[in-house]
Amino acid sequence: MMLNAADEALSRRLPQGVLRDIAPDYLQEPRGGFQGQAGLVAAPRDAGECAAVIRACAEARVAVVPRGGGTGLVGGQVMGQGPAPLILSLERMTAIRDIFPDEGVMVAESGVTLQQARQGAADVGRQFPLSLASQGSAQIGGVLSTNAGGVNVLRYGNARALCLGVEAVLPSGQVMHDLKRLRKDNTGYDLRDLLIGAEGTLGIITAASLVLAPVPAESGVAMLVVNSPAAALSLLSLAQARMAGGVTAFELISGQGLRFLDSAFPDLRQPFSSRPDWLVLIEVGLPAGLSADGALEGLFIAASKAGVVQDGVIAQTGRQGADLWALREHVPLANRHVGAIASHDISLPLSEVPGFIRDAGAMVAAQGDMRINCFGHVGDGNLHYNLFPAEGRAREEYEPLRRDLSRMIHEMVVARGGSFSAEHGVGRLKAADLERWGDPVRLSAMRAIKGALDPLGIMNPGAVLA
Ligand SMILES: Cc1cc2nc3c(=O)[nH]c(=O)nc-3n(C[C@H](O)[C@H](O)[C@H](O)COP(=O)(O)OP(=O)(O)OC[C@H]3O[C@@H](n4cnc5c(N)ncnc54)[C@H](O)[C@@H]3O)c2cc1C
């Protein structure tokens with residue numbers, strides 16, 4: 001590995017054996033929108049080594065880009081501009097340090113993948129309920145730093161709600177030990193909450209104590225046909241009222257998404273002979289003694305009577321449930337197969353969802369001939385609103401429209417009290433959006449916090465705050 005003189009000097013100040021080769025994987029992100037660069041890649045083995053790396057970078061005034069699984073969708077993990085940074089990978093901090101099944105707590109290092117954390121919980125008869133399609137690669141440090149969401153937020157909350165405490169290296173190079181296992185701890189400013197969602201701009205999370213939940217005794221999955229997003233929300237309300245907190249997932253799938261699945265994955269069996277305009281995938285988890293199938297049947301009958309649901313299937317076996325979930329999980333893959341013009345991860349107050357879908361559809365139609373795949377965690381008001389070329393046209397043809405389309409969609413979301421980033425974060429992709437739509441007082445408080453904790457500006461510069 002050929003290093004320039006400055007990186008050579010920095011490398012001599014790092015702990016023995018932390019350096020890695022600069023493999024191309026460290027410089028990429030899933031959508032290929034950003035290309036990273038690195039002067040050095042370091043993978044410390046513990047918080048002490050991590051702190052030593054940060055101190056050396058601070059002395060050398062070299063930027064640090066933390067890297068987890070690299071699955072982030074807003075370019076926070078890749079820095080392509082400015083002097084080449086040191087990439088600090090958590091890949092060697094992979095211990096589950098402790099599990100306390102009776103307390104419902106796991107203490108895991110940041111490089112543990114979400115899948116490993118979920119398995120670790122399952123091994124002691126509990127669940128770590130955060131669930132994302134990227135969980136095989138996404139790491140605990142990454143999901144906390146982006147405050148990831150996924151399919152179970154409706155019942156269990158996002159990453160923030162599932163974290164009790166963190167161990168972190170602050171930009172000063174000191175280790176903050178705050179790995180508490182407490183549900184109640186009102187002792188001043190919550191630095192854990194500052195680090196969660198900070199996308200590596202305020203320090204490195206090296207370990208976390210995580211909330212484990214009981215596994216519901218009974219669970220069931222159904223896919224129900226609704227004739228509009230408004231009907232989907234009526235169904236949600238009915239389901240919430242009948243299941244008393246037992247709805248664990250409530251996902252919207254559009255007819256366009258089903259047609260994309262037909263062309264990208266013709267072997268995936270779809271439960272309905274035609275392609276309805278809107279489907280809801282619902283999962284429930286109930287206490288012992290209650291039948292999930294019975295509860296879903298009761299919901300189906302009540303929703304049919306109310307004219308909210310037109311058709312539906314209830315999985316009779318775990319295998320059938322997994323097949324229904326496979327349809328939802330393949331939607332983003334089918335999208336990638338078609339190739340989006342622009343993707344939006346937005347959230348809205350629930351009652352604004354139908355109006356937004358109607359108005360945004362009309363706005364997009366007025367801009368040109370496009371296909372819309374609107375899907376996602378509608379139970380949380382979180383939609384993935386993605387635009388695709390009309391059949392037979394190339395996405396390059398839409399390049400002149402792309403930025404304006406995204407701006408108009410985000411404007412419509414913000415006007416309805418929504419967010420231009422529901423669960424993916426800000427990163428580099430949406431730093432300008434935050435500048436534009438963030439409350440100015442909040443932005444200036446964020447800058448003051450950044451300046452106080454990271455006065456040299458070495459932690460992931462250009463991410464979150466432009
Ligand atoms: C197929 C697919 C499906 C996805 N589905 C979802 C979904 O349903 N919901 C959702 O919310 N997201 C989803 N994502 C986005 C992504 O998986 C999440 O943002 C995830 O939390 C990123 O974790 P990571 O370990 O890959 O982090 P990375 O991509 O490596 O990093 C993300 C950000 O966190 C910072 N960071 C990473 N580790 C640390 C650390 N230890 N300390 C400080 N900063 C750190 C990085 O610098 C970067 O800014 C999906 C992505 C893909 C590719």
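1. A residue is called buried if 20 or more other C-beta atoms lie within 10 Å of its own, exposed if 12 or fewer do, and partly exposed in between, with the C-beta atoms placed from the backbone. This is a predicted model, in which local features need pLDDT of at least 70 and side-chain atom pairs count only at pLDDT 80 or more, while totals for chains, interfaces and linings use all residues. Residues are numbered from 1 along each chain as its sequence is written.

2. The ligand is surrounded by 38 residues, where a residue counts as near a molecule if its C-beta atom, placed from the backbone, lies within 6 Å of it. The closest are Gly68, Gly72, Gly76, Gly141 and Gly142. By type, the shell around the ligand holds 14 nonpolar, 21 polar and 3 charged residues; here Ala, Val, Leu, Ile, Met, Phe, Trp, Tyr, Cys and Pro count as nonpolar, Asp, Glu, Lys and Arg as charged, and the others, Gly among them, as polar.

3. At least two residues of this shell come from each of β3 (64-67), α4 (140-145) and β10 (204-211), and α4 gives the most, with 4 residues. Helices (H or I, at least four residues) and strands (E, at least two) are DSSP runs, numbered from the N terminus. Because domain 1 (5-89) and domain 2 (96-214) both give residues to the shell around the ligand, the ligand lies between them; the domain bounds come from an automatic or database domain assignment.

4. Strand β12 (residues 218-226) is joined to the antiparallel strand β14 (residues 278-286) by 9 bridges, and Val221 has Glu283 in β14 as its bridge partner.

5. Most residues other than glycine have a negative phi. Asn460, in the segment after α14 (440-453), has a positive phi near 45°, and this residue is buried because 30 other C-beta atoms lie within 10 Å.

6. Val464 is also found in the segment after α14, and its phi is positive, near 65°. With 23 C-beta neighbours inside 10 Å, Val464 counts as buried.

Methods
Two strands pair if DSSP finds at least two bridges between them.
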